Amino acid sequence: MLGMIGNFKFQMNKTQFDTISHEVNYDWSESKRIGNHAKLQAVGKSNESFTFSGTLILKKVDSFNNLIEIGNKQEPVVLSFVNATSINVVIVNIKRDMSIFLKSGEFIKQGFTITLKRWYS
């Protein structure tokens with residue numbers, strides 16, 4: 001197992017990841033000054049976000065239904081990786097791109113991007 005979002009497991013042999021990115025943004029305010037460089041001032045704490053993206057090929061059509069149900073609750077869940085500390089996150093966005101369709105209308109290839117933001121209580 002690679003990790004979990006709530007009770008949704010990401011397993012390397014079942015869910016193919018292309019990338020997992022972790023981003024930390026710092027909150028700065030910029031003040032313009034005549035004839036000088038802008039002045040920057042820290043105005044808040046940092047914000048963390050995670051993005052998972054990848055492709056599922058020949059997987060069940062409802063592979064992400066459990067994750068979508070977790071997102072629909074709009075509540076914080078635990079994000080845990082095998083080799084890292086667990087943190088609380090919220091699911092901000094789940095994007096799925098379906099392609100390579102059969103005559104019956106079912107798709108063979110499913111790309112996905114999942115965006116999470118760290119939850120601070």
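Quick definition before the rings: Phe, Tyr and Trp rings (for Trp, the six-membered one) pair if their centres lie within 6.5 Å, and planes under 30 degrees apart count as stacked, over 60 as edge-to-face and the rest as tilted. Bear in mind this is a predicted model, so local features need pLDDT of at least 70 and side-chain atom pairs count only at 80 or more, while totals for chains, interfaces and linings use all residues. Residues are numbered from 1 along each chain as its sequence is written, and side-chain values use heavy atoms, with hydrogens and water left out.

So, how many aromatic pairs does the structure hold? Two. Phenylalanine 52 and phenylalanine 81 are stacked, 6.0 Å centre to centre with 25° between the planes. Phenylalanine 52 sits in strand E6 (residues 47-57) and phenylalanine 81 in strand E7, so this pair ties together parts 29 residues apart in sequence. Helices (H or I, at least four residues) and strands (E, at least two) are DSSP runs, numbered from the N terminus.

The other pair is phenylalanine 101 with phenylalanine 107: centres 6.5 Å apart, planes at 80°, so edge-to-face. Buried or exposed? Buried means under 20% relative accessible area, exposed over 50%, partly exposed in between, with a 1.4 Å probe and protein chains only. Phenylalanine 101 is exposed at 51%, phenylalanine 107 is buried at 12%, and phenylalanine 52 is buried at 1%.

Now the helix. H1 (residues 65-72) has Leu67, Ile70 and Gly71 as its buried residues. After H1 comes glutamine 74, with a positive phi near 50°.
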